[in-house]
Amino acid sequence: MTLFIEQCLNGLQFGLLLFMLAAGLTLVFGIMDLVNLAHGSLYMVGAYFAATFAAWTGSFVLGAILALGATLMVGMAVEVIAMRRLYGRDHLDHVLGTFGLILFFDEAVRLIWGPEGLSLPLPSWLNRSIQILPGFQYSAYKFSIIVVTLVVAGFLYALVMRTRIGMLIRAGASNREMVGALGVNIKLLYTLVFGLGAALAGLAGLMQAPILTVQIGMGENILILAFVVTVIGGIGSVRGALVAALLVGFIDTLGRAYLPNILNAILSPEAASTAAPALSSMLIYLLMAVVLIVKPEGLFAAGQK
Amino acid sequence: MNAPLLKVEKLAKRFGGIVATDDLSLEVGTGDLHAIIGPNGAGKTTLIAQLSGQLRPDTGHIRFDGRDITALPMYKRNRRGLARSFQITSLFLDLSVLDNVALAVQAHAGHSFRFWGNARRDAALREPARAALEQVGLIDRADRPAAALSHGEHRLLELAMALAGKPRMLLLDEPMAGLGPEESSRMVDMLRALKAKFTILLVEHDMEAVFALADRITVLVYGRVIASGAPDDIRANEQVREAYLGDAEEGVVS
Amino acid sequence: MMPALTVRNIVVAVLLVALALLPLYAQLAHDRFLLTLFTRIVILAMAAVSLNLILGFGGMMSFGHAAYLGIGGYAVGMLAHEHVYSGFVQWPVALGASALFALVIGALSLRTRGVYFIMITLAFAQMAYYVVSGIARYGGDDGLTIYKRSQFVAPLDLSNKTQFYYVCLVLLFGAIYLVWRLINSRFGLALQGIRSNELRMRAIGFPTYRYRLTAFVIAGTLCGLAGALLANHTDFVSPAMMYWTRSGDLIIMVVLGGMGSAIGPVIGAVALLVLEETLSGITEYWQIILGPLLLLVVLFARGGIDGLLMKVGRRQDDEVRS
């Protein structure tokens, strides 16, 4: 039972992390109509910055904050230098252009930090278990990820739904010309939105860094999961991204944890051990296929895009 | 009037509380050019959409050549010989003019799971396509990309695509819309020539053109037929003058 | 009809002749690596040609095309692992498996449009990648070495590098010819009509989904053949064959070469792989140049090399160029 609770919390943590990525992806698509494959690169950059700054300052938290700021700056710089020129082009151009950016980022990281990868050690106050329920211990760090991502998700909701910038974001998504006509600096708005997406990706990357190793290509695998989340949730919908991210997080985590046992009960041990890894990595794609059959536009399709 | 080719019986269509087509009956005789006129919002485009199969009526029947086609989808009506040209130009802009029309021919030539023969040298497709372009006077533009044509030429190309399926009846939705005076008169000449070969249902705002071309005219107001008859009868009809032509003189109808 | 003597046609002809004579040159120059490089180029060119059928002529922005390379490759690899070496078994299985995968993936993905389609094809291809990585019997992550190449009847010996190169080249020419016939057929015209204006195609009576799916399956099958060749070329298969960046490479080849013609992707494949080879000779960090270069091509040179050559030449004929 405790194991099951732990796996559920892991699923929640992973799902929220995916949400950080998918939210940026879906915001940028919904507002600028831009497909950004290089989103995963910003996740990677966030992780590398965090590992570096934490080593420099000697403080995990300070390193994380600096990394967040730095990723935001990188994101805005990328928008000003490259992305801006891609708005209004067709999706093939987006895919190719941002694919070029991935190559650039991967190689730049290799040039700066070397090919080996880094590790980001946790401070002792996070590197332990805490009792979050009577008689139930859970990793303090993973628990703090859940807390931080929930706070950020709340902040994001408040930003989009309650503030003037959020109003512009929502208006910009449905009517570019109108927002422009209101005298809003739409270029700046786009830069900020892209920067926000980058910061969210960077946050996800730096939070994941102590759990996984920081390495080149780390952003690409998770980017594809973020795509799956976006497709399931409906492109352009932040709420859909949240629901789908949690769904994917739970199914992937629980599938990997319990599918081998379930298969063992049904199949011969040999067949089960062959099928389990393949099948558990297929689960979320099967989920996506089912969603596509039932609702081709995703669970929370935003408009007719 | 000749024997009816198209027969509309008690057609009705509502959108929420708005009645777009109200108990509408209509007959178009074989070989006639039958024009539908009416002020904006009279339900002309909605009617065309129901005749072509784009919209399904709530009640009523549409018979074409004696057979009930009310439930047929658009492309099946098209295959029976009821061709529509679109009010909004909807072409294959990156293909050549000839390819555009040839695709319309191909649509009527059975399935297209033919993988080997060169369709661009297939006389069964190209000859009818060229003939249709000849008819609308675009033959010298055949090899240009459709995107390179002017707005007026796009309308002619639309017409050629409708003709390509060897239709028995054309549904023309405002073929003059957006045309300059010179292009308009070219289109009127074209329609006059087509009139001899096809049954035509014409929706048009250009009164001069309508009265010059039509054998019969039906006047719609708020989805209802208020008058139907020969052009002279319509011109003389008091109700029409009040409800419609009277307005036109005051400039409500452009 | 005789092809006209345009700059573009001359360049294409020179390229084809150069490809045909390459083994001769490699032998004279004692450059074995050149032959290996160009065998690889020819195989990937074939994959790009197949992708172009759906991307260039069908307007389907598939980001999962490398999956068929992997599936075709693994069909050969797995069968060889089970001691089935006959090419008459291996290759049809490679084609059949690719076709089946394309049918299932296509049937699902083609229900969607635009960005969804890009992301979904990408995701399904990545699923195939993870599945293969998880099968321990066939090497999992580490891949699978192939000890014997596909075996055909007596004089044909795929382990002979020159012979193998010519097999690949003949199949590439065959693939180009096939695609050229397809795009000029009624089917191909319908496909291009759908790319241009799907709503109108439906309105005039084309069941567009079926045509799109058929093209998707043909392209996947053809790419599966390229996969079978690639496995024989490297004597090794691994999940990396179908990693998503490989799908990206194929798209680059198609766009770089030009999407308007059946042969464009060959130009693109040669250009990209030779460029990679050259850049990696200059610096270890060559992708730091390639990446921004790609962005520049997207921003300033759409239409690809083939498009540029067309601009240099003047005449444009009625035919879709071969």
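The legends below describe close-up views of a predicted model.

**View 1. The open sheet of chain B.** Four strands form this open sheet, and their order is β2-β1-β4-β5 (chain B). Pairing within the sheet is antiparallel. Strands β2 (18-29) and β5 (67-68) of chain B are the edge strands, each of them pairing on one side only. As a general point, strands of a sheet pair through backbone hydrogen bonds.

**View 2. The pairing of β4(B) with β5(B).** Strand β4 (residues 59-64) of chain B runs antiparallel to β5(B), and two bridges join them. For F64(B), the bridge partner in β5(B) is R67(B).

**View 3. Helix α1 of chain B on the sheet.** Helix α1, residues 44-52 of chain B, packs on the sheet. The strands touched by this helix are β1 (4-15), β2 and β4 of chain B. The direction of the helix makes about 60° with that of β2(B).

**View 4. The packing of helices α2 and α6 in chain C.** Helix α2 (residues 32-55) of chain C packs with helix α6 (residues 161-184) of chain C at an angle of about 20°, and their axes are 9 Å apart. Because angles under 35 degrees count as roughly parallel, α2(C) is roughly parallel to α6(C). The crossing of the two helices, α2(C) and α6(C), is left-handed.

**View 5. Residues at the contact of α2(C) with α6(C).** On the α2(C) side, the contact residues include L35(C), F38(C), V42(C), M46(C), V49(C) and L53(C). Among those in α6(C) are K161(C), F164(C), Y165(C), C168(C), L172(C) and I176(C). By class, the contact has 18 nonpolar, three polar and one charged residues.

Note on methods
Residues are numbered from 1 along each chain as its sequence is written. Chains are lettered from A and ligands numbered from 1 in the order in which they are written. This is a predicted model: local features need pLDDT of at least 70, side-chain atom pairs count only at pLDDT 80 or more; totals for chains, interfaces and linings use all residues. Two strands pair if DSSP finds at least two bridges between them. Two residues are in contact if their C-beta atoms, placed from the backbone, lie within 7 Å. Axes are lines fitted to C-alpha atoms, for helices over the stretch in contact, and angles run from 0 to 180 degrees between N-to-C directions. Angles under 35 degrees count as roughly parallel, over 145 as roughly antiparallel, 65 to 115 as roughly perpendicular and the rest as oblique. A crossing is left-handed if the near helix is turned anticlockwise from the far one by less than a right angle, and right-handed if clockwise. Ala, Val, Leu, Ile, Met, Phe, Trp, Tyr, Cys and Pro count as nonpolar, Asp, Glu, Lys and Arg as charged, and the others, Gly among them, as polar.
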